[in-house]
Amino acid sequence: MTVFMNRNISPKRPLTDEQLIEVVTQTAFHEYPEKESTRFKELYANYNQLDPNQIELANGADEWLQKLMIQFGQEGVLTISPDFFMYEDYARQINRPFWKVESDENFDFDLEKVLEEIQKLRPSLLLVSNPQNPTGKQFSSEFLQAIADEMESIGGYFVIDEAYVEFGDDYHRPSNDNVIIIRTLSKIYAMAGLRIGIAIAKEETFAKLIDINHPYPVSNLALNVANAMFSNKEQLDAWVAYQKECQLKLIQALTLVDDVIKVKPTQSNFIMTYGKSARDLGEYLSENGFVGRTYDADHLKDVVRYSILDIDKYDEFEDLLKTWRKQID
């Protein structure tokens, strides 16, 4: 049986069959999802210590990314590279100028270089994922604050894409009015198929988010499934702990080969490997049923990224790592 480690999603779903049946039978499909949306915002905000009045929803975080480029990206979009590949795709789809600040050979990023490009290009929108995809790196509060301030100085907006933030450390976010936080239920909450994207902003920026959004962007069924999870804090806490255990097991597993391939420290639900032997390991694992994420771009040709596994899969995964490691000695 093939195990896919190339999509950065949960290995299983968080709710029981009985819970899902109850949600379906109690969902008022004949009504618009007004009360369901309000309830989700309140539950999500309470669990994450946010203000529900600063939260707006869309049909997945991807819809937010596209809408933000429509609303705020008229003068061009800047990001770092590598980062989430859909940033460039969405900019291309709506014909926005698009620029990238490249990493160094170890996929680290120079803050001064980013700030220089902001002043040189003067984009109206800048996007950075944090923790970052595909490296798994979590940027410091100081790094993000400097970007927020620089973008504010040119009248631009700064989007922090926190798809994986629950796997990382809490940090002090920039409080500038030009900052927009994007989140999702697709990663630690294991609800990728529900397509619930979350935007967090304040004051005039929040008003501009609402201005471009649909009246009811998320279905009442999707919201009720999410509400079932967020209304049971004990179950939700246990689920988050399980996901973080899967993350820790992946980190521990790849220490078995970190003397012969480069393994980036991660604060996400995946690990990025690179270097001369990383692609060889990826091919070996794929041949034996564990498929990682590879890339076609020249600067990523030696990169393989692995998503978390269910706990009961790690023994087999580790055995394969040990076998491969012995073969190359």
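Which residues form one aromatic cluster? Select Phe40, Tyr44, Tyr47, Tyr189 and Phe230, which together make up that cluster. Rings of Phe, Tyr and Trp (its six-membered ring) count as a pair if their centres lie within 6.5 Å; planes under 30 degrees apart are stacked, over 60 edge-to-face, and the rest tilted.

This is a predicted model, in which local features need pLDDT of at least 70 and side-chain atom pairs count only at pLDDT 80 or more, while totals for chains, interfaces and linings use all residues. Residues are numbered from 1 along each chain as its sequence is written, and side-chain values use heavy atoms, with hydrogens and water left out.

**Stop 1: aromatic pairs**

The whole structure holds 18 aromatic pairs. Keep Tyr44 and Tyr189 selected: this pair is edge-to-face, at 6.5 Å centre to centre with 75° between the planes. Tyr44 belongs to helix H2 (residues 34-48) and Tyr189 to the loop between E7 and E8, so the pair links parts of the chain 145 residues apart. Helices (H or I, at least four residues) and strands (E, at least two) are DSSP runs, numbered from the N terminus. Tyr44 is buried at a relative accessible area of 0%, and Tyr189 is buried at 1%. Buried means under 20% relative accessible area, exposed over 50%, and partly exposed in between (1.4 Å probe, protein chains only).

Next select Tyr164 and Phe270. Their ring centres are 5.1 Å apart and their planes stand at 80°, so this pair is edge-to-face. Tyr164 is in the loop between E6 and E7, and Phe270 is in strand E10 (residues 270-274), 106 residues apart. Tyr164 is buried at 5% and Phe270 at 0%.

**Stop 2: charges over rings**

Then go to Lys12, whose charged end sits over the ring of Tyr242, 4.6 Å from its centre. A charge sits over a ring if NZ of Lys or CZ of Arg is within 6 Å of the ring centre and within 35 degrees of the ring normal.

**Stop 3: the sheet**

Switch to a cartoon view. An open sheet of 7 strands runs in the order E2-E8-E7-E6-E5-E3-E4, with mixed pairing. Its edge strands, E2 (55-59) and E4 (98-102), each pair on one side only. Two strands pair if DSSP finds at least two bridges between them. From one strand to the next the twist averages 25°. Strand E3 (residues 77-81) pairs with E4 in the parallel sense over 5 bridges; Ser81 has Glu102 in E4 as its bridge partner.

Helix H4 (residues 86-93) packs on the sheet, where it touches E3, E4, E5 (125-129) and E6 (157-161), and its direction makes about 160° with that of E4. Helix H7 (residues 203-212) lies across E2, E6, E7 (179-184) and E8 (196-200), at about 30° to E2. Axes are lines fitted to C-alpha atoms, for helices over the stretch in contact, and angles run from 0 to 180 degrees between N-to-C directions.

**Stop 4: two loop residues**

Select Pro123, in the loop between helix H5 (111-121) and E5. Pro123 is buried at 2%. Leaving out residues up to four places away in sequence, Pro123 touches several residues, including Val77, Trp99 and Met151. Contact means heavy atoms within 4.5 Å.

Finish at Asn178, in the loop between E6 and E7. Asn178 is buried at 6%. Apart from neighbours within four places in sequence, the contacts of Asn178 include Met151, Tyr157 and Thr205.
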